[in-house]
Amino acid sequence: MFRPEEVIFSTNYNITKLLVPSGGTSYIHEDVSNIPSIFLTISDPRLEGGSCIYVLEELAAYEILEGGRDSTSDYSTDKNVYFGGKDGVYRYDAETLSAKKFGPFRDDIIQIQKANGSDTIYYLTSDKKLFKLQKNGTVKSKVQAVSCALEFVLDTSNNIYFIACDDGLPRVIKPDGNLVDFMSSVTEDFKEVTLLRPAFLMDRSIPFIADGQLYVLYANGTSEKKDFFIKERPTAYSVDAALYLVAALDGKTRKMRALVCLCIFLLIGEYLAAPLSEENDEKIVIPRQIFDKSLVKYKAEHDIVDIIVPLNALNFDESMKDSDSKSESDENDLTDVTVFLVEADLKDGKRIDHGLYLYKNDEVKMILPNGRAAASSSNENKLVYFGATDGLYVYNVDSKSADKYGKFSDSIIDIATNEDGKHIYILSEDHILYNVTNGGEDKVILDEVEDAQEIVLDDSENIYFYDDNKDVFIKNADGIIKVQGLPEGGKSLKLVNPPFIMEESIPLMIDNVLYVIYANGTSDAPGLEFSPNAKPTAYGADAVLVQYYAYNKRLYEFNLLSLIAEDIFEGMQDEVENIRNNAEKGKNSLGSKRS
């Protein structure tokens, strides 16, 4: 799990506490740094109070507070960091890299956490009493519902989770001070339990480690055992920032960024395949920081509004299908994926197109200046079609260019094609849908599809579209049906090309929330959404194991295959392997579904 190249700080003493501020913030630079500010507590018996808090800034460690025991920060945009020490609460002064006394109280503090969106600070004293500090540190009161606690944690909604002294098991206190007395499934005979401060994308829940096994404890008193087991037991953890997992072992601090990128995009794949049940209302919010500069593959001059990853022989050729013929290193090296991009700007509510591009081997080439959309087959040929202002085009693999296709000159705003590429569905600028066949010679209007604004096909050639009123419909074998169960009043809709592991269903974004709609007209909300400032302008999860997203005029690549090699959690690797195996089965079936 812990490799030498991941070490960013080393000491001769144990690291007992870690904090990465929730935004992954660096207090030295304005922009998000490759390494954020990391606050750590070192146990040193030679010091007064037996410990000292340091801040790690750009790999340099600065002593902040001798006698400091723990650090905390808000989950909001508030950048204040507070410390609990042997003689009370302190606040971080970033300009002087020091700690200033906060409030008049001089309790011997062993743990501290600031409430989210509030000035309240909770702290646990050496005699195992829990207090809350309010009104700028001037008012202190005891939390009466906690008679004795070994440790405690707050979630992002300010529910208090603590380990009771009498039995060593977790308890939950609601923000109103009431104890949750129903604690189902947290009754195992654990020898060692460690509560973790939750990542800021977690809602009304916290993670905890019990004898090396990962669990999630919810504010209603229920818990869930996860398939992750930690072999080596760190002395401290921090997952607060979501993008940075920091852990300490044997006096060494490690930063492992890849893990949470992997977790989030596993969530996307997992939630699309199995949406949350009604009994579980957990919501995952993907933060802006997931779009890290290290993942940028292309910086565009305009917004990237469409991403197409062909699911045919352009990317899945015969050699890729024969998994035995490729080494593991070859499988992890997916730098030659062929991706097509469409760029455009929105001005005064109108879209101004800026062409269709080819991305391959970290190079970008414009191949159709008036291109607006692309679609590919999903079998063993290499067909990719483009819709443009003057009709249809087809991709020329040899010259990496676009050749005119067929005799029609419609101004096309969207396009889709079936598995073998023999049926091409084109949506004209006047919102009429046509089926083009016979090598581009024949064109038939699909009269029953009215006022379509956008189209997507699933693996069974069902056509999904929405009209100007933002009502979503499906054209299937039974005719036109309206999708049920979707919220009304959405400002923006985006139909997303489905990952090839999805069957008779597609993803739909309504504003920044993900839904899954099915060919029978039903829908599900998987409980996954992008934060308002992190909504992509285009989605390319088609190939599952290597995913592309566009955000802020940049193309980001998330290569899940390469992340499989990150040996961080045993269970996590198994989960990736399961998704990988399912993807391999789906990949090998491309072009053979109806053969």
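I began with an open sheet of 4 strands, ordered β2-β3-β4-β5 and paired antiparallel. At its edges I found β2 (15-19) and β5 (60-66), each with a single partner strand, so one side of each has no neighbour in the sheet. From one strand to the next, the twist averages 25 degrees. A reminder to myself: this is a predicted model.

Next I looked at the pairing of β3 (residues 38-43) with β4 (residues 51-57), which is antiparallel over 6 bridges. Here I noted Ile-42 standing opposite Cys-52 in β4.

Then I turned to the aromatic rings, and a search of the whole structure gave me 18 aromatic pairs. I picked out Phe-291 and Tyr-551, which count as stacked because their ring centres are 4.7 Å apart and their planes meet at 10 degrees. This pair links distant parts of the chain, 260 residues apart: Phe-291 is in the loop between β25 (284-286) and β26 (296-299), and Tyr-551 is in strand β49 (residues 546-551). I checked burial too: Phe-291 is buried at 8% relative accessible area, and Tyr-551 counts as buried at 15%. Both belong to one aromatic cluster, whose members include Phe-530, Tyr-539 and Tyr-549.

I also looked for charges over rings. Lys-101 lies over the face of Tyr-90, 5.6 Å from the ring centre, and the charged end of Lys-404 sits over the ring of Tyr-393, 5.5 Å from its centre.

My last stop was Asn-462, in the loop between β39 (454-457) and β40 (463-466). Asn-462 is buried, with a relative accessible area of 8%. Its side chain makes a polar contact of 2.9 Å with that of Asp-458. Beyond four places in sequence, I found Asn-462 in contact with residues including Ile-474, Glu-504 and Ala-519.

Key
Residues numbered from 1 in each chain as written. Predicted model: local features only at pLDDT ≥ 70, side-chain atom pairs only at ≥ 80, totals over all residues. Heavy atoms only, no water. Helix = DSSP H or I, 4+ residues; strand = E, 2+ residues; numbered from the N terminus. Buried < 20%, exposed > 50% of the residue type's maximum accessible area, 1.4 Å probe, protein only. Polar contact = N/O pair within 3.5 Å; in protein donor to acceptor, adjacent residues only side chain to side chain. Contact = heavy atoms within 4.5 Å. Pairing = 2+ DSSP bridges. Axes fitted to C-alpha atoms, helices over the stretch in contact; angles between N-to-C directions. Phe/Tyr/Trp six-rings, centres within 6.5 Å; stacked < 30°, edge-to-face > 60°. Lys NZ or Arg CZ within 6 Å of the ring centre and 35° of its normal.
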